[in-house]
Structure formats: C-alpha cells, structure tokens
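Here's a quick tour of one annotated site and the helix beside it in the sequence. Have the model open while you read.

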Amino acid sequence: MAENSKSKNDEYFMRQAIKEARKAEALDEVPIGAVLVHDGKILARGHNLREKKQSSLAHAEIVTIEKACRKIGSWRLEDCVLYVTLEPCPMCAGAILQSRIAKVVYGAADPKGGSVGTCFNLYDIPGFNHYPEVLGGVLSEDCAMLLKTFFKQKRMKKNAQKEQKSTASSNPGQACQDAKK
Ligand SMILES: [Zn+2]
C-alpha cells in the first residue's frame with residue numbers, strides 16, 4: 001500500500017518534470033525537464049536551456065539546482081528529491097552529489113552518457129562523503145517519447161532543408177555550366 005502511494009507520488013512529480021521538458025521543447029531545446037521536491041512540495045523547476053544560454057552547463061538539473069539554492073539561500077539541498085526526465089550526465093550526477101540531494105528519480109535511461117547506472121554509476125565509486133539514492137524508469141516511455149519525437153522532427157526539418165537547397169541550387173548550377181560552354 002505504502003509502495004503504491006509512493007510510486008503514485010513519483011509519477012505525479014515526474015509529470016511535473018515532463019511539463020518542464022515541454023517548455024524546453026517549445027524553445028527548440030532538447031526536451032529535458034526537472035523539479036526539485038522538498039517535503040512533498042516543489043521547491044524549484046527547470047528545463048534544458050543549453051541553446052538559449054549557449055552554455056554546456058545549462059542542463060535541466062543544474063538550472064533547477066541553481067534556482068533552489070537561490071530560493072533557500074543555501075547550497076545544501078539535503079532531504080530533497082530531484083525528478084528529471086532523462087538519466088543525469090556525469091556533470092549533473094556530480095552536481096546532485098555535491099548538493100547533498102537525498103534522492104534522484106529519473107525517467108528514461110540514457111545510453112549516451114547516463115551516469116547513475118546506464119553507462120556507469122558515479123555513486124558506485126567509493127570515497128565520496130555523500131551518496132544519493134537512485135530510482136530510474138518512472139514514466140520512462142513518456143520521457144523517452146518526448147526526446148524521440150523531438151529528434152525525429154529535427155531530422156525531418158533538416159532533410160526538408162537539404163532538399164530545398166538542392167532544388168534551389170540546381171538551376172544556378174545549370175546556368176553556370178551553360179555559361180562555361
Ligand atoms: Zn546533465
């Protein structure tokens with residue numbers, strides 16, 4: 001029973017993280033979102049802003065952690081749970097550890113850099129003074145679908161542009177060849 005209500009809670013907060021991911025998508029950013037929860041309440045929300053900020057640091061997790069720290073005036077985010085739609089990368093897994101976040105819950109696993117279990121698990125390495133708990137796979141299909149759809153649309157746009165370019169340039173190219181004759 002307790003397990004059930006717990007997972008319902010996890011799904012609720014993951015849906016909030018998905019909402020954030022959709023905000024990123026609307027900005028033509030890779031759709032990844034996060035929320036930080038303390039005592040059952042959302043302390044901060046954030047989404048990927050790498051393109052807008054032109055910063056490799058502006059991942060959803062970092063954006064959310066920064067907002068939360070500003071809000072409470074402390075870098076310590078003990079007793080907080082971070083929900084993020086995609087498994088954290090090495091940088092974000094490190095930031096989660098450094099912030100003393102108690103638990104990280106992610107949606108989709110990331111075979112291209114997931115650092116809390118998929119490519120490797122940062123928290124398996126001994127010697128740190130804090131180890132966040134990890135729960136993966138919450139609403140993973142919804143989270144993964146956001147990314148799949150985004151990249152599919154990107155590819156389609158790119159191909160359409162390529163096609164346009166090749167038809168637009170075929171005539172001037174012909175003109176050029178004609179001029180050489
Ligand atoms: Zn990251």
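This is a predicted model: local features need pLDDT of at least 70, side-chain atom pairs count only at pLDDT 80 or more; totals for chains, interfaces and linings use all residues.

Just past the end of α4, R100 has a positive phi of about 65 degrees.

## The annotated site

C92 turns up again in the UniProt record: an unreviewed entry there puts a "binding site" feature at H59, C89 and C92. They're spread over 34 residues of sequence, yet they cluster in space, with a largest C-alpha distance of 9.1 Å.

## H59

H59 sits in the loop between α2 (50-53) and α3 (60-72). Is H59 buried or exposed? H59 is buried, because 25 other C-beta atoms lie within 10 Å, and the cut-off for buried is 20 or more.

Skipping neighbours within four places in sequence, H59 is in contact with N48, R50, C89, M91 and C92.

## C89

C89 is in a loop as well, the one between β3 (80-86) and α4 (90-98). With 22 C-beta neighbours inside 10 Å, C89 also counts as buried.

Which residues does C89 contact, leaving aside neighbours within four places in sequence? They are H59, G113 and S115.

Methods
Residues are numbered from 1 along each chain as its sequence is written. UniProt positions are given in the numbering used here, feature names are shortened, and annotations may be inferred rather than shown by experiment. Helices (H or I, at least four residues) and strands (E, at least two) are DSSP runs, numbered from the N terminus. A residue is buried if 20 or more other C-beta atoms lie within 10 Å of its own, exposed if 12 or fewer, and partly exposed in between; C-beta atoms are placed from the backbone. Two residues are in contact if their C-beta atoms, placed from the backbone, lie within 7 Å.
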